[in-house]
Amino acid sequence: MSESERVSSSARAFRERFGGEPAVFSAPGRVNLIGEHTDYNSGFVLPIALGERTYVAGARRADDTVRCYSRERREEHAFALAHAWRRSGKWHDYVEGVARALAARGVALAGADLYVSSDVPPGAGLSSSAALEVALGLALTTLAGAALPAPELALVGQSAENDYAGVRSGIMDQLASALGRAGHALFIDCRSLEVTPVPLPKAGVSFVVCDTRVRHAHAGGGYNERREECRRALELLQRSGRAVTSLRELGIEELNDIGKLLPEPLDRRVRHVVRENGRTSAAVDALRRGHLAVFGKLMNGSHASLRDDYEVSVPELDFVVAQAQRESGVIGARMTGGGFGGSAVILVDTADLERLSTNLRASFQARFGHEPVVRVAVASDGVRRETPARA
Ligand code: ADP
Ligand code: MG
């Protein structure tokens with residue numbers, strides 16, 4: 001389905017459910033090329049926004065009720081903006097969370113009917129949650145006659161996720177979804193929130209996403225545990241007299257000394273974060289210079305570190321990465337996203353793409369009994385209003 005057909009089908013689904021003419025908004029999922037579990041440590045990340053997007057078709061209502069239907073969940077949830085909010089642990093926490101976070105920023109919201117449909121698989125490490133939050137953020141502000149700059153929409157999305165859905169995620173996913181740029185990766189400094197687009201190679205190589213279809217659930221899982229370990233490590237370092245406010249401020253040359261101050265496994269968690277920041281800076285440099293072999297080695301190093309030091313990989317991800325790294329034409333491979341399931345990202349010569357996909361599907365099926373979903377990442381633009389076009 002073309003992008004314009006996708007927008008039309010979103011509007012049609014809205015009309016069939018609610019009647020009336022909607023405006024359509026969309027925001028992309030993302031794949032992170034390198035820089036994992038660094039965002040909430042104020043470090044560096046390098047995601048691209050994907051061609052797969054979440055669509056929100058919406059129209060304003062006369063009262064203060066928000067009704068939201070999710071095509072994927074086949075369920076409608078309604079709430080009154082004036083009523084107090086309670087966490088349900090369900091998908092619509094993200095919807096109410098965005099509305100509450102917007103209100104907390106002073107946006108005077110209006111009631112709305114919303115039809116959500118998404119091409120970003122949930123729990124695949126491609127950030128369906130941020131795509132949903134950021135698309136909803138633009139929909140709700142626009143329908144209320146207000147406007148927020150894209151970086152603010154990202155912060156609203158993060159607040160919805162942290163303060164309402166209860167996932168203590170960093171800012172990478174929402175910034176990628178809000179500010180993605182076609183043909184570019186985004187180098188993000190998660191302390192200053194500065195976002196620098198870096199051009200991707202125009203031809204010859206592809207980034208492939210291999211979704212193991214092992215689903216993670218970040219709400220209440222190992223993700224929050226890792227974040228808590230980083231917080232404890234930082235606290236211990238501060239108590240031992242180090243003047244640091246985030247793990248980002250630590251240098252690779254300090255790791256030996258730091259290791260002596262921290263109990264296992266906190267020493268390894270910190271080692272991952274510090275080295276991953278170094279790898280991500282080096283990867284951006286390599287990308288800018290066209291040194292793809294260097295970029296690929298850094299991806300491989302990132303995977304080993306996430307597997308051994310940060311311990312967020314799973315056998316399915318390790319298998320895909322090891323298989324890919326053995327294939328000719330593969331420049332680098334690593335798990336991507338928070339881990340505990342989800343996807344791997346592979347940099348490959350485009351000439352070898354077909355064979356890689358075929359071999360990955362076959363070997364994975366033989367080992368785990370189901371096929372992974374293999375897609376080529378198309379670096380795309382961030383959140384936008386699709387229709388009607390602005391005057
Ligand atoms: P990821 O962001 O990697 O896909 P998360 O666990 O962070 O995984 O977010 C997935 C959750 O986001 C889903 O369980 C659901 O609550 C919510 N979500 C995402 N997309 C949709 C959708 N189209 N409809 C309803 N809920 C969605
Ligand atoms: Mg998410």
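**The packing of helix α2**

In helix α2, the residues Asp93, Tyr94, Gly97, Val98, Arg100, Ala101 and Leu102 meet Val156, Ser159, Ala160, Glu161, Tyr164 and Ala165 in α4 (contact means heavy atoms within 4.5 Å). The model is a predicted one, in which local features need pLDDT of at least 70 and side-chain atom pairs pLDDT 80 or more, whereas totals for chains, interfaces and linings use all residues. Residues are numbered from 1 along each chain, chains are lettered from A and ligands numbered from 1 in the order written, and side-chain values use heavy atoms, without hydrogens and water.

Two packed helices are described by the angle between their axes and the distance between the axes. Helix α2 spans residues 92-104 and helix α4 residues 150-165 (helices are DSSP runs of H or I, at least four residues, numbered from the N terminus). The axes of α2 and α4 come within 8 Å and cross at roughly 120° (axes are lines fitted to C-alpha atoms over the stretch in contact, and angles between N-to-C directions run from 0 to 180 degrees).

Helix α2 also packs against helix α3, which comprises residues 128-143. Here the axes approach within 9 Å and cross at roughly 50°, and α2 and α3 are therefore oblique to each other (angles under 35 degrees are roughly parallel, over 145 roughly antiparallel, 65 to 115 roughly perpendicular, and the rest oblique). On the α2 side, Tyr94, Val95, Val98, Ala99 and Leu102 take part; on the α3 side, the partners are Ser129, Leu132, Glu133, Leu136, Gly137, Leu140 and Thr141. This contact holds eight nonpolar residues, three polar ones and one charged residue. Tyr94, Val98 and Leu102 of α2 occur in the contacts with both α4 and α3.

Of the 18 residues around ligand 1 (each with a heavy atom within 4 Å), Ser70, Glu72, Gly123, Ser128 and Ser129 come nearest. A polar side-chain atom of Ser128 is 2.7 Å from an oxygen atom of the ligand. For Glu72, a polar side-chain atom lies 3.0 Å from a nitrogen atom of ligand 1. Gly125 contributes through its backbone: an N or O atom there is 3.4 Å from an oxygen atom of ligand 1.

**A further helix pair for comparison**

Helix α8 (residues 266-289) and helix α9 (residues 292-308) have axes that come within 9 Å and cross at roughly 165°. The pair α8 and α9 is therefore roughly antiparallel. From α8, Arg268, His272, Glu276, Arg279, Ala282, Ala283, Ala286 and Leu287 face partners that include Leu292, Phe295, Leu298 and Leu306 of α9. The residues of this contact divide into nine nonpolar, four polar and four charged. Pro265 belongs to the loop between α7 (255-261) and α8. The peptide bond joining Glu264 and Pro265 is cis, with omega about 5°. Another cis peptide bond runs from Thr387 to Pro388, with omega near -5°, and Pro388 lies in the segment after β13 (384-387).

Key: Helices (H or I, at least four residues) and strands (E, at least two) are DSSP runs, numbered from the N terminus. Ala, Val, Leu, Ile, Met, Phe, Trp, Tyr, Cys and Pro count as nonpolar, Asp, Glu, Lys and Arg as charged, and the others, Gly among them, as polar. A polar contact is a pair of N or O atoms within 3.5 Å; within protein, one must be able to donate a hydrogen and the other to accept it, and residues adjacent in sequence count only if both atoms are side-chain atoms.
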